[in-house]
Amino acid sequence: MTQPDELVERVAREFLVRDAVAALAPKHREIIELSFDADLADGDIAARLDIPVGTVRSRTYYALSALRLQLEEQGLVA
Amino acid sequence: MPEHPDTHTDLGAYVLGRLSPVEHARMARQVSASAVAREKERELREVVTLLRQTTPSDLPAGLEARTLAAVAAAEPLAGTGETDPASGAAPAADELAGRRARRRVGPLSLRVAAAALAALIVGGGGGLLAGEDSGGGQTTATLAQAQPGVTEIDTVLVPEGKVRANAAALVTKVDSGRIIRIQSKTLPVLPKGVYYELWFVGPGDTPDKPNRISGGTWHPDPDGTTDVTFRAAADPSKLPVLEITREPGDGSPQATLPGVLRSTRSR
């Protein structure tokens, strides 16, 4: 059973993660949303954005790295 | 032997499990051989774990927007407007260094967010925890409770560009049309002669061939608070996206500037 404090903290953490994603550059946010919300594979993302798979991968790396900085600023990761 | 040129940038695909078996095995060897790569892998895995734990929210959008507004109000650095290069390229080293220097210490944001959320739940009449199952699914829609009609859009509008703001939007259908409520504490106050405009946007909308209907215009209060209610005849089934633009007071019925905020998930 989830304790109320734990639940509030979990929901608050989700709010902050979504806020951090929203604060990314549009191309980074797009790749995160396609990867996690739409759950698309690299090839599908490449086709959707009309870019090479290698670009999808590099953009994913930079998007995750940029998001990491946002989450560090929020204190969600150390 | 030099490192494979794609080692760095393939690390994201590696932690997401998207590399082919051959690529994965090669990356695993390279990661295990490099302390720097192992640390980077750990960092990215933490991010991926948090993202995978973050699912589309069943909570009312106003609750999220107001919680984040409380965090923004409590932490001045959140308002610096920092974003990554629009090009999507790697942030410059000096930019990263500058960000690290400005980084807050400790989970202040989470504490503030949790406290604000708890206060909003109590202040909003409760229900979140009282009606909570162990999965956290059932909630009380505080905004929806206060607004009559059938909810058609309940969403958060997020930045299109570098503005650091968000807004909650609730669209309900009533007998006489739609009621739209917009709430935000982070939309910047505008200079005289410029105002925010809410749009219902449909597929294929472009500046040359607009497919949008205005929902209303407003100025935030002097303290930066937006809490406005409009009535409109727009049909969200045909114009499902909400967008907020900054518009000059030139009398033009069309959007003349890029969007400031745009709706994300809806339910």
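Q: Which residues of α3(A) meet A:Val53, A:Val56 and A:Arg57 in α4(A)?
A: On the α3(A) side they are A:Asp42, A:Gly43, A:Ile45 and A:Ala46, where two residues are in contact if their C-beta atoms, placed from the backbone, lie within 7 Å. Helices here are DSSP runs of H or I with at least four residues, strands are runs of E with at least two, and both are numbered from the N terminus.

Q: Before going on, what kind of model is this, and how is it numbered?
A: This is a predicted model, in which local features need pLDDT of at least 70 and side-chain atom pairs count only at pLDDT 80 or more, while totals for chains, interfaces and linings use all residues. Residues are numbered from 1 along each chain as its sequence is written, and chains are lettered from A and ligands numbered from 1 in the order in which they are written.

Q: Ok, at what angle do the axes of α3(A) and α4(A) cross?
A: The axes of α3(A), residues 42-49, and α4(A), residues 53-74, cross at roughly 105° and come within 8 Å, with axes being lines fitted to C-alpha atoms over the stretch in contact and angles running from 0 to 180 degrees between N-to-C directions. That makes the two helices roughly perpendicular, a label for angles of 65 to 115 degrees.

Q: And is α4(A) largely enclosed or open?
A: Because 19 of its 22 residues are buried, α4(A) is largely enclosed by the rest of the structure; buried means that 20 or more other C-beta atoms lie within 10 Å of a residue's own, with C-beta atoms placed from the backbone.

Q: What follows α4(A)?
A: A:Gly75 comes next, and its phi is positive, near 75°.

Q: Switching to chain B, how many helices and strands are there?
A: Chain B has seven helices and eight strands, and 34% of its 267 residues count as buried.

Q: Where does B:Pro159 sit, and why does it count as buried?
A: B:Pro159 lies in strand β1 of chain B, residues 150-159, and it counts as buried because it has 21 C-beta neighbours inside 10 Å.

Q: What stands opposite B:Pro159 in β8(B)?
A: That is B:Leu261, and β1(B) and β8(B) pair in the antiparallel sense over three bridges, pairing being assigned if DSSP finds at least two bridges between two strands. B:Pro159 and B:Arg262 are 103 residues apart in sequence, yet 6.5 Å apart in space, C-alpha to C-alpha.

Q: Which residue is the bridge partner of B:Glu243 in β8(B)?
A: B:Arg262 is that partner, and β7(B), residues 241-248, runs antiparallel to β8(B), joined to it by three bridges. Four of the five residues of β8(B), residues 259-263, are buried, so this strand is largely enclosed by the rest of the structure.

Key
A residue is buried if 20 or more other C-beta atoms lie within 10 Å of its own, exposed if 12 or fewer, and partly exposed in between; C-beta atoms are placed from the backbone. Angles under 35 degrees count as roughly parallel, over 145 as roughly antiparallel, 65 to 115 as roughly perpendicular and the rest as oblique.
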